[in-house]
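User: I would like to go through this model step by step, beginning with the annotation and then turning to the overall build. Could you take my questions one at a time?

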Amino acid sequence: MAEMIARGEEPEILFWVGCAGSYDERAQKTTRDICKILHHVGIKYAVLGTEESCTGDPAKRAGNEFLFQMQAMTNIEVLNGYNIKKIVTGCPHCFNTIKNEYPGLGGTYEVIHHTQLIQDLINEGKLKAEGGESFKGKKITYHDPCYLGRGNGIYEAPRKALEVLDAQLVEMKRCKSNGLCCGAGGAQMFKEPEKGNKDINIERIEEALETSPNIIAAGCPFCMTMLSDGVKMKDQNQNVQVLDIAEITARANGL
Amino acid sequence: MISQILFIALTIAAIAFFSFNLKKVIRNIKLGRPADRSDQPSKRLATMLKVAFGQTKMAVRPIPAALHFVVYVGFVIINIEVLEIMIDGIFGTHRIFGGLGSVYNFLIGGFEFLALGVWIACVIFLIRRNILKLKRFIARELTGWPKSDANYILFTEILLMTAFLLMNAADAKLQALGAHYYISAGSFPVSHFLQNLLPANDANLIAIERGCWWFHIIGILAFLNYLPYSKHFHILFAFPNTYFSNLEPKGEFTNMQSVTNEVKVMLDPSFAPPEAEAGRFGAKDVNDLTWVNLMNAYTCTECGRCTSVCPANITGKLLSPRKIMMDTRDRMEEVGKTLDKGGAGFDDGKSLIDDYITREEIWACTSCNACVEACPINIDPLAIITDLRRYAVMEESQAPSSISTMLGNIENNGAPWKYSPADRLNWAKEN
């Protein structure tokens, strides 16, 4: 971002990478695929790089409102400093926080999740599913991230990205507004679960496997971790891939 | 004449006692912190009409939705009959609306079908709770009183409907016998089949008819007064509860204004915060919650749809969103009762957290909003869980150690993990 400003340019959109997208090895792949898509369609984008910091989402869900607001106000200062108008994120938690919780603290932007960007690009005819890997006939089931689905009512955008693949889409029993959490939200990602008889991601992966999918599609780096772990625990990693919508889109277009 | 006086006295007493208890409930709700829900009145009205009147969120589970709808419609429409009972009771008349002729026949016939529907629905509800033992009705928070409470309500409704139908059967038989005072009015498509069970002489029939009439109206007045002691308040509170429910996206948590002021001072020492009342951060007890949270608790009818979709509960954790609501209400009732006696109130050495809701419960939540989505009348257990966490973290610095580590990482290096901010762009290098 700083470099772009130094060159006297302005980005059409800021790509908010998020902590998982920056540091988590698996999520980094998704980050790079989102960049490839942006590059492919010729959208001028920027990232904050080292100027980006945690949105404060896990702090807020864990009950530390102080830390959340400190993070939020610091980030807002950076974003407003660059006169950012539009943001795309690869993480439903960052998406929800910046979109819904930043305006009250002085940061109002048009915020979209990367699956919405992909949907828009498909609708505008700028993005297709050609020139890359064929998903024809493959069974794909999509797991709704809570903060994208129930949290913000976005159920169709990620499905739209899958519909263009000519693949076989199968829904899990609990999907859309009734979708089951992967177990990572509310800061659970960063702690051991409470005592119970099962881990939530195992409950979810069992349901996903019931649809006998080739691919489980995700739209959130935390769901990605939970679902991938679940698939490994069930010894299914040879048969079932867990892929982000961005990865699938990038592959389908040979990016 | 004596019966008229008795009737009027009973009715006034019942309404007075109900108002007395309702006032206490409203007082308890007002113990909560303020929350502004006066915005977007037309959207709020639409939400109430859709969710409470239209019961749209019930439809997710079609069987109980259909049964509940019968009871709901039965309850609302049979109350037209109660209007007649009231007038008859006050003026000593009998079937005052009988003069409406065919319209009256249609109404009474309709009431009878509804009464039968309610009767059957309540029997099925009892079977679901006590014989089929559906999972959401046998959870640990329902043992004891809540289980009995639900059964009492269903039994009462069955008895009321039975009395209504028996009353009609006896009345119709008396009409056929040409008994004095029993004018020919009404059609009795359901109770018609009960006539053979009844004796054939006037005196016994009149005793049954009057007995059922009194039972029906006393039962209704008693039921009204049972509401404040039971989980059944939703028949009234569902309406304000949906009207004042959260209209923002479910993912959005409130920004605490008290924290905003402090953070602004920290970032900009010249900032002068507006005078604010000193209070706790987060909720230790029910008076730290907002009145909306507290109204939610009184509105909860313990159906357990929230708990049945809670990922933590499904996987055997202690957390049950229904229990969060029940605990909040129980604590409010406890405090309210001692306040009535001029006693300790909140200073009784107890609090909502620890004495009612344990740490293990609040830390098991994934904030996935499934409970909020599932509630047929827009109750929000997540808001309470969040406020309890806020208290634990901000007032007590008591969080699971891994959570404290995560918070420390955000504070020190701007990420929940221990990575250097300088490495944030490394993903771009490894292609």
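The questions and answers below concern a predicted model.

User: Which residues of chain A does UniProt place in the feature "domain: Cysteine-rich"?

Analyst: The annotation comes from an unreviewed UniProt entry, and the feature covers two spans of chain A. Over one of them the chain is 60% helix and 10% strand, with the end C-alpha atoms 13 Å apart, while over the other it is 30% helix and 10% strand, with the end C-alpha atoms 14 Å apart.

User: How far apart do the C-alpha centres of domain 1 and domain 2 of chain B lie?

Analyst: Domain 1 of chain B is made of two segments, 2–30 and 61–232, whereas domain 2 of chain B runs over 257–413. The contact between them takes 20 residues from domain 1 of chain B and 25 residues from domain 2 of chain B. Their C-alpha centres are separated by 40 Å.

User: How far apart are the mean positions of the positive and negative charges of chain B?

Analyst: Chain B exposes about 19700 Å², of which carbon and sulfur atoms supply 66%. The chain carries 41 positive and 40 negative charges, and the distance between their mean positions is 5 Å.

Definitions and conventions
Residues are numbered from 1 along each chain as its sequence is written. Chains are lettered from A and ligands numbered from 1 in the order in which they are written. This is a predicted model: local features need pLDDT of at least 70, side-chain atom pairs count only at pLDDT 80 or more; totals for chains, interfaces and linings use all residues. Side-chain values use heavy atoms; hydrogens and water are left out. UniProt positions are given in the numbering used here, feature names are shortened, and annotations may be inferred rather than shown by experiment. Helices (H or I, at least four residues) and strands (E, at least two) are DSSP runs, numbered from the N terminus. Accessible areas come from the Shrake-Rupley method with a 1.4 Å probe; for residues, only the protein chains shown count as cover. Lys and Arg count as positive and Asp and Glu as negative; His and the chain ends are not counted. The place of a charge is taken as NZ of Lys, CZ of Arg, CG of Asp or CD of Glu. Domain bounds come from an automatic or database domain assignment. Contact means heavy atoms within 4.5 Å.
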